[in-house]
Protein chains: 2
Amino acid sequence: MPAHPDRLSAIRIVLVATSHPGNIGAAARAMWTMGLRQLVLVTPERYPHAEATALATGAAAVLANARIATTLDDALAGCALAVGLSARPRAFAGRVLSMREAAQEMVGCASERDVALVLGTEMSGLSNAELAQCHIVATIPANPEYPSLNLAAAVQVAAYELRLAAGEDRVWAAPQFRQATHDEIEALYAHASRTLTALRFLNPAQPKRLLPRLRRLFGRAKLEREEVNILRGILARVDQFVDRDRNR
Amino acid sequence: MPAHPDRLSAIRIVLVATSHPGNIGAAARAMWTMGLRQLVLVTPERYPHAEATALATGAAAVLANARIATTLDDALAGCALAVGLSARPRAFAGRVLSMREAAQEMVGCASERDVALVLGTEMSGLSNAELAQCHIVATIPANPEYPSLNLAAAVQVAAYELRLAAGEDRVWAAPQFRQATHDEIEALYAHASRTLTALRFLNPAQPKRLLPRLRRLFGRAKLEREEVNILRGILARVDQFVDRDRNR
C-alpha cells in the first residue's frame, strides 16, 4: 500500500547548502507547478528569508512545509532511491542517466517508496562525497559551452520530467469543430469550378493545374464544415457580381 | 541551404511586453544553457536594465544581441512557423500541442526556415490577438491547481525540449570499468563457498539457500573485475584469521 496518494507526492526535492534564498523560493514554485510538494533543505545559508517567500508566489505551502535537515544523510532518511543531479562529469562510479531516464526510474520506484532528487550548491553543485550517497546521477543535456542552469531552472526541468514520467501529461485541447464531409467538400470544388469559369479565370477546355492545386491546398488544411460554408458564401457573392456584370 | 549552422540557432524566442527585467536576463540564461541564441523583445517594460544583465550571468552575449521589436508582427518577420506558449485554455481555433510535440515540429521546420516561440507577459500571458498570429499553441503540462510557471522557467523547459528534439541529448558517461568474466565470477563463488564453510557459516551437507541468494545479489550487481578482486581480497583475509584460529 503506497504511503502517498499519488507518485509525485512520494518524491522529495533535496537542496543542499543553497546560497541564495531566492532560489529556494523559485524552486518551491517550480516544484508546485508540477505537483511536487516535498522540499527538504540541508543547511541552507539563509533561510527562512523574505526573498524565498516572495519568489515562491503561489507555492507558499511547499515552503511552509519544507523540512530543514542538518545532513544529507538525514534528508535522505526513508528513501529507497536517491538521485543526484549533476551538470558535469564526475568521478562517480555508478549509473549516469539523462534526467528523462532518471525520471522514469524515480516514478517507477515512487509507487512503493519515497525517492529523492538531490541538488547541490549554485556555485559547485554536489560534492563527490554527496554524490556517493546517491544511487544514480542524473544530468540535464545542455550546451557544452555553458551548461550552467540556474538552480530553480534545473528543478523546473527535473520536476517537469517527473510529472510527465508520472503520466500527468494532459494538455488542454483546442475547441473541436466538425470536419466537412466528402460530399460537402466535393460540392465546394464543383461550385469553385463554376465560379472560376464564370470569372474566366479557369478555362474548362484547358484547365491546367488550377483545380488540383486548390484540392491540394484545401486537402492539407482538412476543411471544417463551417469553413466550407464560408468559402461557398464567398463564391456565391462573387457569382452575384459576375451575374450582374453579365446582365449589364 | 539553411541560413543557420544548426537548427537551434534558427529558433528565436520572442518575449512580448515582459514586465520584469530580471526575467529577461534569466530567460537569456535559460536559452543559452540549451544552445539557443536568438532573443527578440517586443516592447519590454524596462530594458536594458541592470537586473537583466545580472541574471543573464554567462549568457551576456544573448542579451547583447537581443533585438527589440515594436510589434509582434515585426518580431515574427521571416518566420515560417510561430508557436505561442500558453498555460491556459483559450479560444484558439488552431492546433494545440504539448511543448514536447511542438518542439518536434519546430525543429523539423527549423532545418529550412526560421521559427519562433512566443511568450506573453508574466501576469496574463499572450492575448487572443497575439495568439491569433501564431500557427500552433504549445502548452507545458502542469499542476492544474497551480500551472503558473515563472516566465524564465517556462523558457527553460521549452528550450530544453527544443534541444532534445534537435537530437542534442548527449550526457556525460560514467567511467567505464571492465566487467568480470564468467570464470572470474565462478572462482569467486567457489572461494566464498570454501571460506563460508571454514567459518562454519555454511554447512555443505545442508547448504540451504545461502549460495543461490549470494549469486542472485551479485548477479544483479553485474560484478566488475576490480570488485571481484576486492571481494576475493576480503575472503583471503578472512581465510588467514580462520587458519590462525584453527592453528591456535
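Biologist: What makes strand β4 (residues 79-85) of chain B and β7(B) a pair?

Modeller: Three bridges join β4(B) to β7(B), and the two run parallel. Two strands pair if DSSP finds at least two bridges between them, so three is enough. One example: Leu85(B) has Ala138(B) in β7(B) as its bridge partner. This is a predicted model, where local features need pLDDT of at least 70 and side-chain atom pairs 80 or more, while totals for chains, interfaces and linings use all residues. Residues count from 1 along each chain as its sequence is written, and chains are lettered from A, ligands numbered from 1, in the order written.

Biologist: How do you know that strand β5 (residues 95-98) of chain B pairs with β7(B)?

Modeller: Four bridges link β5(B) and β7(B), in the parallel sense. Leu97(B) is partnered with Ala138(B). Val96(B) is partnered with Val137(B).

Biologist: Why is β7 (residues 136-139) of chain B called covered on both faces?

Modeller: In a regular strand, side chains alternate between the two faces of the sheet. In β7(B), Ile136(B) and Ala138(B) are on one side, and Val137(B) and Thr139(B) on the other. These residues are all buried (20 or more other C-beta atoms within 10 Å of their own; exposed means 12 or fewer, partly exposed in between; C-beta atoms are placed from the backbone).

Biologist: Why do β3 (67-69) and β5 of chain B count as edges?

Modeller: The order of the seven-strand open sheet is β3-β2-β1-β6-β4-β7-β5 (chain B). Strands here are DSSP runs of E, at least two residues; helices are runs of H or I, at least four; both are numbered from the N terminus. β3(B) and β5(B) each have a single partner strand, so one side of each lacks a neighbour in the sheet. Neighbouring strands are turned by 30° against each other on average, direction ignored.

Biologist: What makes Gln206(A) exposed?

Modeller: Gln206(A) has 7 other C-beta atoms within 10 Å, so it counts as exposed. Gln206(A) is found in the loop between α8 (182-198) and α9 (210-221) of chain A. From Trp172(A), Gln206(A) is 34 residues away in sequence and 48 Å in space, C-alpha to C-alpha.

Biologist: How many residues of chain A are in contact with chain B?

Modeller: 41 residues of chain A are in contact with 41 of chain B (C-beta atoms, placed from the backbone, within 7 Å). Seven residues of this side of chain A, the largest share, come from α7(A).

Conventions
Contact = placed C-beta atoms within 7 Å. Axes fitted to C-alpha atoms, helices over the stretch in contact; angles between N-to-C directions.
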